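Colleague: I have a structure open and would like to learn how to read it. Can we take it feature by feature?

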Amino acid sequence: MKKIVILISGGGSNMAAIVRAAQRDNWRKAFAAEVAAVISNRPDAGGLAFAREQGLAAEVVDHKQFASREAFDEALAAAIDRHSPALVVLAGFMRILTPAFVERYRGRLLNIHPSLLPAFPGLHTHQRALDAGCRFAGATVHQVTADLDHGPILEQAVVPVLPGDTAATLAARVLTQEHLIYPRAVASLLRQAA
């Protein structure tokens, strides 16, 4: 059975979308795959409750307990590796990972970013799209590399920027697309590996 470990920092809506897709589409039967664990760097992450309700291992590796980014990444990797994952999926995981961590999971580490990469890597993507006068925005699922938000693109979704949009209204519209494309990208990788 191929294991998927999902990393979160907050409410975990993309994680929940992936878990629901795995249940709805029976990834256990279709791909011999399952979501095995959800790990957060924040003990108060709302998504942990959902993970526990689904019977998933829900763990915390609190980044504030570590003196360095490297020490945190080592502890995080140890928690991940207990599940022997085929894929490690970042779903609103708000930590920049060290090059050593990224290399450890090379080819198995995915992220979703709320812009049409390569445009607007990093933070505040929706406001930056509005400030630039973009007519379209969207989301990108990509493989993680050592360069922030620059890995190979696996899937994208486009949404129009509407008159009167704010960063919040645009973010909400993009998020609905994230919930569609992230499970689809994960399933596509599992299908290729089957």
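Colleague: In which loop is Asn26 found?

Modeller: Keep in mind that this is a predicted model. Asn26 is found in the loop between H1 and helix H2 (27-31). Its phi is near 50°, a positive value in a residue other than glycine.

Colleague: Where does His124 lie?

Modeller: His124 lies in the loop between E5 and H6. Its phi is near 60°, a positive value, and again the residue is not glycine. His124 has 63% relative accessibility, so it counts as exposed.

Colleague: The loop between E5 and H6 also holds Pro118. What is the peptide bond from Leu117 to Pro118, cis or trans?

Modeller: That bond is cis, with omega near 15°.

Colleague: Now the helix. How do I read one?

Modeller: Start with the turn. An α-helix has 3.6 residues a turn, so residues three or four places apart point the same way. Then check the length. Helix H1 covers residues 13-24, twelve residues in total. At 1.5 Å a residue H1 should span 16 Å, and its end C-alpha atoms are 16 Å apart, so the two agree.

Colleague: Which residues of H1 are buried?

Modeller: The buried residues are Asn14, Met15, Ala16, Ala17, Ile18, Val19, Ala21 and Ala22. Take two of them. Asn14 has a relative accessible area of 6%. Ala22 has 13%. Both values are under 20%, so both residues count as buried.

Colleague: Leaving aside neighbours within four places in sequence, what is Asn14 in contact with?

Modeller: Asn14 is in contact with Ala91, Ile112, Leu175, Glu178, His179 and Tyr182.

Colleague: And what is Ala22 in contact with, on those terms?

Modeller: Ala22 is in contact with Trp27 and Val35. Val35 is 13 residues from Ala22 in sequence, and their C-alpha atoms are 7.5 Å apart.

Colleague: Next, the aromatic rings. How do I describe a pair?

Modeller: A pair of aromatic rings is described by the distance of the centres and the angle of the planes.

Colleague: How many aromatic pairs does the structure hold?

Modeller: It holds three aromatic pairs. One of them joins Phe66 and Phe72: the centres are 6.0 Å apart and the planes meet at 65°, so this pair is edge-to-face. The cut-off for that class is over 60 degrees. Phe66 is partly exposed, at 29% relative accessible area. Phe72 is buried, at 1%.

Colleague: Which type of pair do Phe101 and Tyr105 form, stacked, tilted or edge-to-face?

Modeller: Their ring centres are 5.0 Å apart and their planes stand at 55°, so the pair is tilted. Phe101 is buried, with a relative accessible area of 2%. Tyr105 is buried too, at 0%.

Colleague: Which ring does the charged end of Arg95 sit over?

Modeller: The charged end of Arg95 sits over the ring of Phe72, 5.4 Å from the ring centre.

Colleague: Where is Val144 found?

Modeller: Val144 is found in the loop between strand E6 (136-143) and strand E7 (153-160). It is buried, with a relative accessible area of 13%. Val144 and Tyr105 are 39 residues apart in sequence, yet their C-alpha atoms are 8.9 Å apart in space. Leaving aside neighbours within four places in sequence, Val144 is in contact with Leu90, Val102, Leu109, Leu110 and Asn111.

Colleague: Last, pockets. How is empty space found?

Modeller: Rolling a probe the size of a water molecule over the atoms shows where empty space is left.

Colleague: What volume does the largest pocket have?

Modeller: Its volume is about 750 Å³. The lining of the largest pocket has 33 residues. Phe93, Met94, Asn111, Ile112 and His113 lie nearest its centre. The elements that give two or more residues to this lining are H1, strand E5 (109-113), helix H6 (125-131) and helix H7 (167-193).

How values were computed. Residues are numbered from 1 along each chain as its sequence is written. This is a predicted model: local features need pLDDT of at least 70, side-chain atom pairs count only at pLDDT 80 or more; totals for chains, interfaces and linings use all residues. Side-chain values use heavy atoms; hydrogens and water are left out. Helices (H or I, at least four residues) and strands (E, at least two) are DSSP runs, numbered from the N terminus. The expected span of a helix is 1.5 Å times one less than its number of residues. Buried means under 20% relative accessible area, exposed over 50%, partly exposed in between (1.4 Å probe, protein chains only). Rings of Phe, Tyr and Trp (its six-membered ring) pair if their centres lie within 6.5 Å; planes under 30 degrees apart count as stacked, over 60 as edge-to-face and the rest as tilted. A charge sits over a ring if NZ of Lys or CZ of Arg is within 6 Å of the ring centre and within 35 degrees of the ring normal. Contact means heavy atoms within 4.5 Å. On a 1 Å grid over the protein atoms alone, a cavity is a set of points where a 1.4 Å probe fits but cannot get out, and a pocket is an open set with protein on both sides within 12 Å along at least five of seven lines; lining residues have an atom within 4 Å of a point. Grid points are joined across faces, edges and corners, and a volume is the space filled by probe spheres set on the points.
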